[in-house]
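Dear colleague,

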Amino acid sequence: MSTLLRHVIPPPHSLLYTTSKKPKLNSHSFRNPPFSFSSIKVTAATPMASTTKKVLVPIANGTEPIEAVITIDVLRRGGADVTVASIEKQTRVDATHDVKLVADSLLSECNDAVFDLITLPGGLPGATNLKNCQLLEKLVKKQVEDGKLYAAVCASPAVAFGSWGLLNGLRATCHPLFMDELKSSGAITVESRVHEEGNVVTSRGPGTTMEFAVALVEKLFGKEKADEVSGPLGMRSNHGDEYSIKELNPMQWTFDNVPRVLVPVANGTEEMEAIIIIDILRRAKVNVVVASVEDNLEILASRKVKLEADMLLDEAAKLSYDLIVLPGGIGGAQAFAKSEQLVNMLKKQRESNRPYGAMCASPALVLEPHGLLKHMPLPSNTMWIAHFFTIDITGVKILDFKGKKATAFPALCNKLSDPSEIENRVVVDGNLITSRGPGCTMEFALGMVEKFFGRDKALELAKPLLFTHP
């Protein structure tokens, strides 16, 4: 088993994201001063007044859901009026990794609308589908002609903007796999995680999208609002470096054939956290079951992103799971805590010594009040006790009856009975994994991959995500 190291979350004022204005000789060189947006020098577009700004985020079948949802979520946190528009014939799109997103409208309904920003997520074939949408091409070209903001991440700078001739002579970045295509479109390629050039902002992939979205908030509303939005996200200051987590009481997470993981969702669930967990686990070939604790498959997440679950919890409860993991969001966590069925499933998961986890609001609002972080009651067939460990008389299986160490969203950590590990971004205590907030979710999800498959597999996934240096 690999050794997992401690990584302490910096306070909000020390968080950092980096954009560039010029080509960088070394894209792996990042500064770590106190949190600042001073590295951004606007060349043509200046931050606009802090009034409502209208933003269009088009989505398609094959869109990368991490990139779409993070962008929507962060922009809405900043106060933008975001319209999520499907270019398909229906509002529901089948994003990559079997994620189902439901748009606010069809793109055809936005034909006469005026937007302060149009920003494209990536993913394949999503980026290609966006490129082939004539109405979207018309809208973005009009946006450019009017001197307004336009942006894209991952494959879309090359596949869409490049093919439309919108980056000719401009510096831009994209996913490493599309850099040659970006260059052939006439762009001057740079390897920055986020790059601004006048009215266009480009970025590299899922692991850079939060930085990208915060940069868009600054372009729309200015530095003060960007600072206000980025602090509670808990973004890493060491972007691109290997992630690290804190592990206590190491134990092997086992499974038969393919791990089956339950990810419950509810109205008010934090959409970034849910989508990142689902996306990354499915990239690792985990069988992820997304179950709604509501009466409907479609839920309205905390920032009004519409997600469609695979099944209702009643149906999901018929299966057994190698891991049950809860995303956060105040409303979602409260719904989880009120679900007797879900709480019973979590208690049985712990009693059977199988992994369970939660992040953000859920450790404090679900696990703690339902005793899932406290000492377990001793079973009646206990024959030997030492140092809070017991050996079952039916075999040699070692069961842990100690209280669990956990972390949670900083503002809710005072609800945890044991605060000793709350400064860590991700904490693994035996069969429990917890984390702090949206900016920690990739580490959280990769930590699960690591526990199931090993650190090499987790790092293998992290590199194409651009969460670590490729």
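This is a predicted model: local features need pLDDT of at least 70, side-chain atom pairs count only at pLDDT 80 or more; totals for chains, interfaces and linings use all residues.

Residues are numbered from 1 along each chain as its sequence is written, and side-chain values use heavy atoms, with hydrogens and water left out. Helices (H or I, at least four residues) are DSSP runs, numbered from the N terminus, as are strands (E, at least two).

The crossing of α1 past α6 is right-handed, meaning that the near helix is turned clockwise from the far one by less than a right angle. In contact (heavy atoms within 4.5 Å) are Glu-67, Ile-70, Thr-71, Val-74 and Leu-75 of α1 with residues of α6 that include Met-210, Val-214 and Val-217. By class, this contact holds 10 nonpolar residues, two polar and one charged, where Ala, Val, Leu, Ile, Met, Phe, Trp, Tyr, Cys and Pro count as nonpolar, Asp, Glu, Lys and Arg as charged, and the others, Gly among them, as polar.

Helix α1 (residues 65–77) also packs with helix α8 (residues 271–283), the axes coming within 9 Å and crossing at roughly 170°, which means that α1 is roughly antiparallel to α8 (the term covers angles over 145 degrees). Their contact has nine nonpolar, no polar and four charged residues.

Helix α6 (residues 209–221) has a further partner in α7 (residues 223–233), at an angle of about 150° and with the axes 7 Å apart, so α6 is roughly antiparallel to α7. Met-210, Val-214, Val-217, Glu-218 and Phe-221 are the α6 residues in that contact.

As for cavities (sets of points on a 1 Å grid over the protein atoms alone where a 1.4 Å probe fits but cannot get out), there are three of 30 Å³ or more, a volume being the space filled by probe spheres set on the points, which are joined across faces, edges and corners. The largest has a volume of about 160 Å³, and of its 16 lining residues (those with an atom within 4 Å of a point), Gly-207, Met-210, Gly-439, Met-442 and Phe-467 are the closest to its centre.

With best wishes

How values were computed
Axes are lines fitted to C-alpha atoms, for helices over the stretch in contact, and angles run from 0 to 180 degrees between N-to-C directions. Angles under 35 degrees count as roughly parallel, over 145 as roughly antiparallel, 65 to 115 as roughly perpendicular and the rest as oblique. On a 1 Å grid over the protein atoms alone, a cavity is a set of points where a 1.4 Å probe fits but cannot get out, and a pocket is an open set with protein on both sides within 12 Å along at least five of seven lines; lining residues have an atom within 4 Å of a point.
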